[in-house]
Amino acid sequence: MGILNYATPAFVLLMLFEIWYDRRTGAGYYRLNDTVGSLATGVLSQTTRLVTFSLGIWAMSGLNGLLFPLWSMESILAWCAALVINDFFYYWKHRFSHEINFLWAGHAVHHQSEEYNLSTALRQPSTHILTWVFSIPMLLMGIPWQMIVVCAAWNLIYQFWVHTRHIHRLPRWFEALMVTPSHHRVHHAQNPEYIDKNHGGVFIIWDKWFGTFQEEKDATPPIYGVRRPLLSFNPWRANLQLWWQMAQDAFYTASWKDKLRVWFMPTGWRPEDVEKSRPIKKYPLETFEKYNPPAPMWMKFYAGLQITLAALASLYLATEAKSFDMAQLYLLWTVMSLPLVTVGIMLDKQDLRWELLRLVFSWLCLIWLGGYFADVLWWVALLSQGVFSAIMLWAVWPLANPVASSQAD
């Protein structure tokens, strides 16, 4: 069981505490639909990583020890040095993820939330590809890949708590050395003076040394989100939005050179002919409004229940992944990912059709593949499907039977 899996229950408890505190103080830093959208992308990221993680490990392990002997994993000094070195290369990975089109296409998912709270920390991408290449210098230095994976996990764990608006400033010595909520609020803001600042994961010193540091200004409250808003709570749309845009640009541009370089140019760059023929609407920051489509309370409750079950299932899958073969993992990934998409569509458009189709598909899977999994897992899935189906029948019955519904009234 990985370190992040152990930390996940603590993340959830801290997020629930912040929600309670947010409600008590009346701050209003949480919206249920936005939180569901963030958690959906996080769960999808976790389940996707289960079926792709082995490829990255294979690539990383092959480079260990090529230039220098491996470091001792029993040395405390080696671990301390690895943590600092890892954060240094994390800074550059993070910075380039804001400066190169194809890297930003993956990383942008983490910035799409228009709120800023602990659920935002859990909003992680599923398509942030090739970022493992920033580990190559560490692998060649002799830092074992196992040590790198652990250091990267601790780096992410540290970053969780800085995604809050309830901590204003910390002691000056801490603000001078470490990444704090104030620093990271700047990083998530789309204000012109805040964009592409404060890329550090644990230490803020890298930003100060390399010219990307920006202090949070009390006179300039951060406006969260991205300049090209997602306008959706669908996690797959969140992950594919910019990839699809770049693919379209590469297809429609007449220049073969631009078809290739659109992926590697600075963030936001588009071929000149496509910029003219297929302009993208840009929203002035002065008229920015949060994406908050109306939805009935039962639908928000249903979406929250789905995300809660998906989060628990992803944690179970992470702890028991070794007991499943590859076919089972892919099947579970599919069954777990579909409701994340359909509840996103529900919250976007109040469209129940895709969720109804998903329920039918899931019932067919349960009936057809009931003997493929352990009895307990099958019964839990059966029970949850029954509950969700009952809620949906309750919701669609008045729509399907308007006469009976009016008579009941």
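Guide: Happy to! The protein has 18 helices and 0 strands, and please keep in mind that this is a predicted model.

Visitor: What makes the radius of gyration agree with a compact globule?

Guide: For 409 residues, a compact globule would have a radius of gyration near 22 Å, and the protein has 23 Å, which agrees. The C-alpha atoms fill a box of roughly 75 × 55 × 50 Å along the principal axes. Buried residues make up 48% of the 409 residues. Of the contacts between residues at least 6 apart in sequence, 73% join residues at least 24 apart. As for the surface, the accessible area is about 21,000 Å², with 69% of that belonging to carbon and sulfur atoms.

Visitor: How do you know whether A40 is buried or exposed?

Guide: The cut-off for buried is under 20% relative accessible area. A40 has 1% relative accessibility, so A40 counts as buried. This residue lies in helix α2 (residues 32–61). Leaving aside residues up to four places away in sequence, A40 touches P235, I307 and L340.

Visitor: Which count of disulfides does the rule give, and how do you know?

Guide: The count comes to 0 disulfides. Take C80, whose nearest cysteine sulfur, that of C151, is 9.4 Å away. A disulfide needs the two sulfur atoms within 2.5 Å, so C80 is in no disulfide. C80 counts as partly exposed at 39% relative accessibility, whereas C365 is buried with a relative accessible area of 13%.

Visitor: Now to charges. What makes D218 and R169 a salt bridge?

Guide: The closest N and O atoms of D218 and R169 are 3.8 Å apart. The cut-off is within 4 Å, so the pair counts as a salt bridge. D218 sits in the loop between α10 (205–210) and α11 (235–252), and R169 in the loop between α7 (145–160) and α8 (172–177), so the bridge ties together parts that are 49 residues apart in sequence.

Visitor: Why do D218 and R169 get their accessibility labels?

Guide: Exposed means over 50%, and partly exposed runs from there down to the buried cut-off of 20%. At 61% relative accessibility, D218 therefore counts as exposed. R169, at 30%, counts as partly exposed.

Visitor: How many salt bridges does the structure hold?

Guide: The structure holds 14 salt bridges. One of them joins R261 and D258, with the closest N and O atoms 2.7 Å apart. Both residues lie in helix α12 (residues 256–261), 3 residues apart, about one turn of the helix. R261 counts as partly exposed at 30% relative accessibility, while D258 counts as buried at 9%.

Visitor: What makes R358 and E355 a salt bridge, and where do they lie?

Guide: Their closest N and O atoms are 2.7 Å apart, and the cut-off is within 4 Å, so R358 and E355 form a salt bridge. The two residues lie in helix α16 (residues 353–368), 3 residues apart, about one turn of the helix. R358 is buried, and E355 is buried as well. Salt bridges can also be linked: R31, D34, E115 and K290 form a network of them.

How values were computed. Residues are numbered from 1 along each chain as its sequence is written. This is a predicted model: local features need pLDDT of at least 70, side-chain atom pairs count only at pLDDT 80 or more; totals for chains, interfaces and linings use all residues. Side-chain values use heavy atoms; hydrogens and water are left out. Buried means under 20% relative accessible area, exposed over 50%, partly exposed in between (1.4 Å probe, protein chains only). A salt bridge is a side-chain nitrogen of Lys or Arg within 4 Å of a carboxyl oxygen of Asp or Glu. Helices (H or I, at least four residues) and strands (E, at least two) are DSSP runs, numbered from the N terminus. The radius of gyration is taken over C-alpha atoms; the globule rule is 2.2 Å times the number of residues to the power 0.38. Contact means heavy atoms within 4.5 Å. Accessible areas come from the Shrake-Rupley method with a 1.4 Å probe; for residues, only the protein chains shown count as cover.
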